[in-house]
Amino acid sequence: MNLLLRVLLSAIAVVILSKILPGVGVDSYVTAIIVAVVLGLLNFIVKPILVILTLPVTIITLGLFLLIVNACIILLANYFVDGFSVSNIWWAIIFSLLLSLFQSILFSFLKKDK
C-alpha cells in the first residue's frame, strides 16, 4: 500500500511540475502515473550503474555530476514514455531538482509516528 501511495504522490508531483515548468509536459494523469513508475524503475535499475560508471567524475566534481546523472534518467523516461516531454537537459536538471524537493515534502506525510 505504501508503494502505491508513493507512486501516486510522485505522479502528483510530476503533474504539478509539468504545470509550473514550461519545458516539461505531461499529456494526462495516466501518463503522469506511468512516468512515476518508469522513473522509479530507472532509478532502481539504471541509476546505480550510471553512478558506478561515473564515480571518478562524481568525485572530482564533489558530487555535482549526480545532477547530470539524474537529468539523464529524466531524459531516458522522456524517451520511453509517450506523452511526457522534456525539451532539453537544463529543464531535465530543474525538473529533477524540483521533483526531489516535492517528493521529499510529499513523502514526509507518509512517515508514521513511532
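Predicted model: local features only at pLDDT ≥ 70, side-chain atom pairs only at ≥ 80, totals over all residues.
**Figure 1. The surface and overall build of the chain.** Residues are numbered from 1 along each chain as its sequence is written, and side-chain values use heavy atoms, with hydrogens and water left out. The chain has 5 helices and 2 strands, in the order α-β-α-α-α-β-α along the sequence. (Helices, H or I with at least four residues, and strands, E with at least two, are DSSP runs numbered from the N terminus.) The C-alpha trace spans about 40 × 40 × 25 Å along its principal axes. With 114 residues, a compact globule would have a radius of gyration near 13 Å, and the chain's 14 Å agrees with that. (This radius is taken over C-alpha atoms, and the globule rule is 2.2 Å times the number of residues to the power 0.38.)

**Figure 2. A look into the largest nonpolar core.** Buried residues make up 34% of the 114 residues in the chain. (Buried means under 20% relative accessible area, exposed over 50%, and partly exposed in between, using a 1.4 Å probe and protein chains only.) The largest nonpolar core has 29 residues, and Val-14, Leu-39, Ile-74, Phe-84, Phe-95 and Leu-99 touch the most other members. α1 (2-20), β1 (24-26), α2, α4, β2 and α5 each supply at least two residues of this core, and α1 gives the most, with 7. (Such a core is a set of buried Ala, Val, Leu, Ile, Met, Phe, Trp, Tyr and Cys residues joined through side-chain atoms within 4.5 Å.) Leaving out residues up to four places away in sequence, Leu-99 touches Ser-10, Ala-13, Val-14, Leu-17 and Leu-39. (Contact means heavy atoms within 4.5 Å.)

**Figure 3. Helix α4 and its cover.** Helix α4 (residues 65-80) has 16 residues and reaches 23 Å from its first C-alpha to its last, close to the 22 Å expected at 1.5 Å a residue. (The expected span is 1.5 Å times one less than the number of residues.) Val-69, Asn-70, Ala-71, Ile-73, Ile-74 and Ala-77 are the buried ones here. Their cover includes α2 (29-53), β2 (84-86) and α5 (89-108).

**Figure 4. Two aromatic pairs.** A search of the whole structure turns up 2 aromatic pairs. The rings of Tyr-79 and Phe-80 have their centres 5.3 Å apart and their planes at 70°, so this pair is edge-to-face. Tyr-79 is exposed at 65% relative accessibility, and Phe-80 is exposed too, at 52%. For Phe-84 and Phe-95, the ring centres are 5.9 Å apart and the planes sit at 55°, so that pair is tilted. Phe-84 lies in strand β2 and Phe-95 in helix α5, so the pair ties together parts that are 11 residues apart in sequence. Phe-84 is buried at 3% relative accessibility, and Phe-95 is buried at 0%. (Rings of Phe, Tyr and Trp, using its six-membered ring, pair if their centres lie within 6.5 Å; planes under 30 degrees apart count as stacked, over 60 as edge-to-face and the rest as tilted.)
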